[in-house]
Protein chains: 2
Amino acid sequence: MKALGEILAELSKGGFRITRARRSMIEVLLDSRLPLSAEGLIDALLGKKVPANKTTVYRELTFLKEMGIVQEIQFLHERVKRYEVVFGGHHHHLICMGCKRVEDVELEGELEKYEREIMNSRGFKVLNHTLEFMGLCEDCR
Amino acid sequence: MKALGEILAELSKGGFRITRARRSMIEVLLDSRLPLSAEGLIDALLGKKVPANKTTVYRELTFLKEMGIVQEIQFLHERVKRYEVVFGGHHHHLICMGCKRVEDVELEGELEKYEREIMNSRGFKVLNHTLEFMGLCEDCR
DNA sequence: TATATTAATGCAACTTAGTTGCATTAGTCA
DNA sequence: TGACTAATGCAACTAAGTTGCATTAATATA
């Protein structure tokens, strides 16, 4: 997980402008410990008195995705997409069906075994995967 | 994977009516070797000269989900939801980024190891999970 | 087989999430 | 400080799915 300054420097070096909306969006996403929807992001911005236009927010999210700064997540139990700042390591989510909170998990060893298996038995080359666990968190059990 | 007759008998026993739309939708879903979107389902029905109203199709999909006959799948690379008849065993998908085809995979041993790990380290009780692999199929590599 | 009951249907109008075109604004560099 | 153009914001649009309500038809019963 990078710091705000690092991200901004990287963008600046790439010839992109550091606007109020851009900076604030990255700040909000960095501060949120769970992935935000576009709507949630707009609310957070308005809460910080940062003008947040829907079009701008969606366009900026597309941009930040292309830059590899944020990633988009689609949870099965929701219609909307969520966004989070890309983490150092690839990780997954624990989604509590009680309180709807989302936590991150990193898994040891990952799914390489399965990916090899799939390659061998099907000739299918896995390039990426998504994995989400649904259940009940400690508080909701 | 159940046969059409079985499914219809089960519904009938439950006091639900066997209508043309209901029978045809289950038929189409059983025949499709990949999960269908609502739109794809409507097209398939029209192709069979079965009148297919959007509202009816969505309502029937909701019903079939509630009955545990079909399951809804959300792929990360798509906006729409897809539906498939529930299989005997829990399974996952291989999504080809080239030709967009979807194949099923069943994994040995599954993710129990991770689910135990998550329970032990976080106190989070996993009840369900989703796992999709994105990559290139044999033909597209 | 006819009839009553109500599950299922279908239209139209709506909602939600996200997108597009285009004129305007504001970062950045010289 | 000004020129350049990336980024913005409005309004209008699209796609996917939903809702209310009057109508139709599957089934049980007489």
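1. Chain A and chain B bury about 3600 Å² between them, with 62% of that area on carbon and sulfur atoms, where buried area is the accessible area (1.4 Å probe) that two parts lose on being put together, summed over both. The three residues A:Tyr114, A:Arg122 and A:Phe124 supply 19% of the area that chain A buries against chain B, more than any other three residues. In terms of contact (heavy atoms within 4.5 Å), 42 residues of chain A meet 42 residues of chain B.

2. On provenance, this is a predicted model, in which local features need pLDDT of at least 70 and side-chain atom pairs count only at pLDDT 80 or more, while totals for chains, interfaces and linings use all residues; side-chain values use heavy atoms, with hydrogens and water left out. Residues are numbered from 1 along each chain as its sequence is written, and chains are lettered from A and ligands numbered from 1 in the order in which they are written.

3. For chain A, the assignment gives five helices and six strands, where helices (H or I, at least four residues) and strands (E, at least two) are DSSP runs numbered from the N terminus. Read from the N terminus on, the elements of chain A follow the order α-α-β-α-α-β-β-β-β-α-β, and the C-alpha atoms of the chain fill a box of roughly 50 × 40 × 25 Å along the principal axes.

4. Within chain A, three strands form an open antiparallel sheet in the order E1-E3-E2, two strands being counted as paired if DSSP finds at least two bridges between them. Strand E1 (36-37) and E2 of chain A stand at the edges with a single partner strand each, so one side of each is left without a neighbour in the sheet. E2(A) and strand E3 (residues 81-85) of chain A run antiparallel and are joined by five bridges, and A:Val70 stands opposite A:Val85 in E3(A).

5. Returning to the protein interface, the count between chain A and chain B is two salt bridges, under a rule that asks for a side-chain nitrogen of Lys or Arg within 4 Å of a carboxyl oxygen of Asp or Glu. One of them links A:Glu103 with B:Arg122, whose closest N and O atoms are 2.6 Å apart.

6. Which element gives the most to the side of chain A that touches chain B? E6(A) does, with 12 residues, and among the other elements that supply at least two residues each are strand E4 (92-96) and helix H5 (112-122) of chain A. The residues on this side of chain A divide into 20 nonpolar, seven polar and 15 charged, with Ala, Val, Leu, Ile, Met, Phe, Trp, Tyr, Cys and Pro taken as nonpolar, Asp, Glu, Lys and Arg as charged, and the others, Gly among them, as polar. E6(A) and strand E6 (residues 125-136) of chain B pair in the antiparallel sense over 11 bridges, and the bridge partner of A:Leu131 in E6(B) is B:Leu131.

7. DNA strand C is surrounded by 20 residues, the closest being A:Arg17, A:Ile18, A:Tyr58, B:Arg22 and B:Arg59, where a residue is near a molecule or strand if one of its heavy atoms lies within 4 Å of it. Sugar and phosphate account for 52% of the atoms of DNA strand C that come within 4 Å of the protein. By class, the surface near DNA strand C has five nonpolar, five polar and 10 charged residues.

8. Around DNA strand D there are 21 residues, of which A:Arg22, A:Arg59, B:Ile18, B:Lys54 and B:Tyr58 come nearest, and sugar and phosphate account for 56% of the atoms of DNA strand D within 4 Å of the protein. A polar side-chain atom of A:Thr56 lies 3.0 Å from a phosphate oxygen of DNA strand D, while a base oxygen of DNA strand D is 3.2 Å from an N or O atom in the side chain of B:Thr55.

Technical notes: Polar contact = N/O pair within 3.5 Å; in protein donor to acceptor, adjacent residues only side chain to side chain.
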